Amino acid sequence: MTLQTPQPPPSALRAVLAALDSEDALRQPAAAALRHPAGPLLPAHPLAVHVLDGPRPELTAARRTGWRFLIKDGSEVAAAAEVVQGAEGHTFSHFTAGPYLDSTVRALRQAWQLAQTSRARRQPRLLTFPGQYATALWLHGPDADPASDLLIPLAPAPLGVTAHRAYPAADLLPVLARAPLARPLLLGSS
């Protein structure tokens with residue numbers, strides 16, 4: 001498999017670079033690791049972010065909402081920055097840190113290892129399932145049937161799904177469709 005790193009639109013990269021120069025953006029709690037960098041902060045590994053809603057998710061229904069960049073401080077990934085697509089280009093949304101950050105790095109390493117053993121072309125993307133509070137690295141084959149795409153769920157994964165296992169999309173999507181929808185906890189409820 002060959003991984004084809006997607007080229008983000010220039011407005012997405014500009015939005016991330018502006019956020020890295022913005023004191024207001026760097027005040028976000030998830031940006032704590034970016035406030036005192038050891039070297040220059042560099043956006044790397046851009047991933048198109050797609051959202052898949054609905055009780056019967058199908059990859060063809062996934063909609064792109066923006067881009068996520070891993071932010072490197074030297075050789076280490078310190079955070080991620082997400083930009084959303086608007087009518088006039090891309091705007092900075094937020095920084096992220098925590099378990100999905102490390103899990104994304106691990107899934108990208110897995111994808112590169114898979115690339116060594118296959119001739120198929122794949123584009124890495126992020127796919128979120130808001131109803132299940134799940135995210136996966138989506139290895140999309142631009143020349144193949146979407147059902148043959150691979151999904152690597154990020155940790156923490158929903159019950160019944162093993163994080164960091166490469167699933168054919170045709171196998172994982174029905175499991176997610178049967179998973180109970182996550183419900184937000186309401187204050188004062190028991």
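Me: What makes the largest nonpolar core a core, and which of its residues touch the most other members?
Reply: A nonpolar core is a set of buried Ala, Val, Leu, Ile, Met, Phe, Trp, Tyr and Cys residues joined through side-chain atoms within 4.5 Å. The largest has 19 residues, and Val-16, Leu-20, Leu-34, Phe-69, Ile-71, Val-83 and Phe-95 touch the most other members. At least two residues of this core come from each of α1 (10–20), β2 (41–51), β3 (63–73) and β4, and α1 gives the largest share, five residues. There's also a second, separate core of 17 residues, with Leu-101, Leu-108, Ile-152 and Leu-154 among them.

Me: Where do these numbers come from?
Reply: This is a predicted model, where local features need pLDDT of at least 70 and side-chain atom pairs count only at pLDDT 80 or more, while totals for chains, interfaces and linings use all residues. Residues are numbered from 1 along each chain as its sequence is written, and side-chain values use heavy atoms, with hydrogens and water left out.

Me: How do you know that β4 and β5 pair?
Reply: Strands are DSSP runs of E, at least two residues long, and helices are runs of H or I, at least four, numbered from the N terminus. Two strands pair if DSSP finds at least two bridges between them. β4 (residues 76–86) and β5 (residues 89–96) have seven, in the antiparallel sense, so they count as paired. With two residues between them, they form a hairpin, and Val-83 stands opposite Phe-92 in β5.

Me: Why is His-164 called buried?
Reply: Buried means under 20% relative accessible area, exposed over 50%, and partly exposed in between (1.4 Å probe, protein chains only). His-164 has 11%, so it's buried. Tyr-133, at 53%, is exposed.

Me: What is phi like in Tyr-133?
Reply: Phi of Tyr-133 is near 50°, a positive value in a residue other than glycine. For His-164, phi is positive too, near 65°. Most residues other than glycine have a negative phi.

Me: Which side of α3 do its buried residues take?
Reply: Ala-169, Leu-172, Leu-173 and Leu-176 are the buried residues of α3 (residues 169–178). They cover an arc of only 100° around the axis, so they sit on the same side of α3. That arc is taken from the directions from the helix axis to the C-beta atoms. These buried residues pack against β6, β8 and β9, where contact means heavy atoms within 4.5 Å.
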